[in-house]
Amino acid sequence: MDEKQELLSLLSTDAREAVDDIARQLGTDTETVESLLDELESDGTVHGYQAVIDWDNTDTEHVAAFVELNVELDRETGYKEIADRIAKFPEVESLRLVSGDYDFAIEVTGDSMQDVSQFISEQIAPIPEITQTVTHFIMETYKEAGIDFGDRDDDDRLSVSP
């Protein structure tokens, strides 16, 4: 594995790790790591660094949903044009063209189920090329971005054995 791949692997595990520590793990110097980071950021490989938040541990109302979108393309409009239009909404956390029974998978967030539903019905569904939406509200998150949120079951009872 080359240095860039190793660096990307380390960043995907912990993007807050100090450059000195990353250099030590890669067996190189900090200047090389900083140069690689600059290169990965400028060429669009690394787009940002974000915290993975367990919203259930906050006092903030936060609702997320996965939405399946079916589209019908015409001669003038392709997937890219539809994706560009949908990606502009701040409520859209992720947008992917997928294979299978539907065309796009999007993750949408809002302050309430009503906010998310209203966004889908008033902003997404009216897009002319969209023929169908199916919304799946996320009820519980156990793992996000490779990070396990741990045991949410506070039931400390001992199991009964025969």
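Me: How many bridges join β2 to β3, and how do the two strands run?
Reply: This is a predicted model. Pairing needs at least two bridges between strands. β2 and β3 run antiparallel, and the bridges that join them number five.

Me: Which residue in β3 does leucine 97 stand opposite?
Reply: β2 covers 92-97 and β3 covers 104-110. The two strands form a hairpin, with six residues between them. Opposite leucine 97 stands phenylalanine 104.

Me: Is serine 94 buried or exposed?
Reply: Serine 94 lies in strand β2. Its relative accessible area is 16%. The cut-off for buried is under 20%, so serine 94 is buried.

Me: With which side chain does the side chain of serine 94 make a polar contact?
Reply: Not counting residues up to four places away in sequence, serine 94 touches Ala105, Ile106 and Glu107. The polar contact is made elsewhere, at 3.3 Å. The partner is the side chain of arginine 96.

Me: Why does aspartate 148 count as exposed?
Reply: Aspartate 148 is found in strand β6, residues 147-148. Exposed means over 50% relative accessible area. Aspartate 148 counts as exposed because its relative accessibility is 56%.

Me: Which residues is aspartate 148 in contact with, leaving aside neighbours within four places in sequence?
Reply: Alanine 18 is 130 residues from aspartate 148 in sequence. In space, C-alpha to C-alpha, the two are 23 Å apart. The contacts of aspartate 148 beyond its sequence neighbours are Tyr142 and Lys143.

Me: How much space lies in the largest pocket?
Reply: Rolling a probe the size of a water molecule over the atoms shows where empty space is left. For the largest pocket, that space comes to about 1,600 Å³.
Me: Which residues that line the largest pocket are closest to its centre?
Reply: The lining holds 42 residues. Closest to the centre are Gln50, Ala51, Val52, Glu144 and Ala145.

Me: Which element gives the largest share of the lining of the largest pocket?
Reply: Elements that give two or more residues are α1, β1, β2 and β3. The largest share is four residues. It comes from α1.

Me: How many residues of the lining of the largest pocket are nonpolar?
Reply: Twelve of the lining residues are polar. Eleven are charged. The nonpolar ones number 19.

Conventions
Residues numbered from 1 in each chain as written. Predicted model: local features only at pLDDT ≥ 70, side-chain atom pairs only at ≥ 80, totals over all residues. Heavy atoms only, no water. 1 Å grid on protein atoms, 1.4 Å probe; cavity = no way out; pocket = protein on both sides within 12 Å on 5 of 7 lines; lining within 4 Å. Points joined across faces, edges and corners; volume = space filled by probe spheres on them. Nonpolar A, V, L, I, M, F, W, Y, C, P; charged D, E, K, R; others polar. Buried < 20%, exposed > 50% of the residue type's maximum accessible area, 1.4 Å probe, protein only. Polar contact = N/O pair within 3.5 Å; in protein donor to acceptor, adjacent residues only side chain to side chain. Contact = heavy atoms within 4.5 Å.
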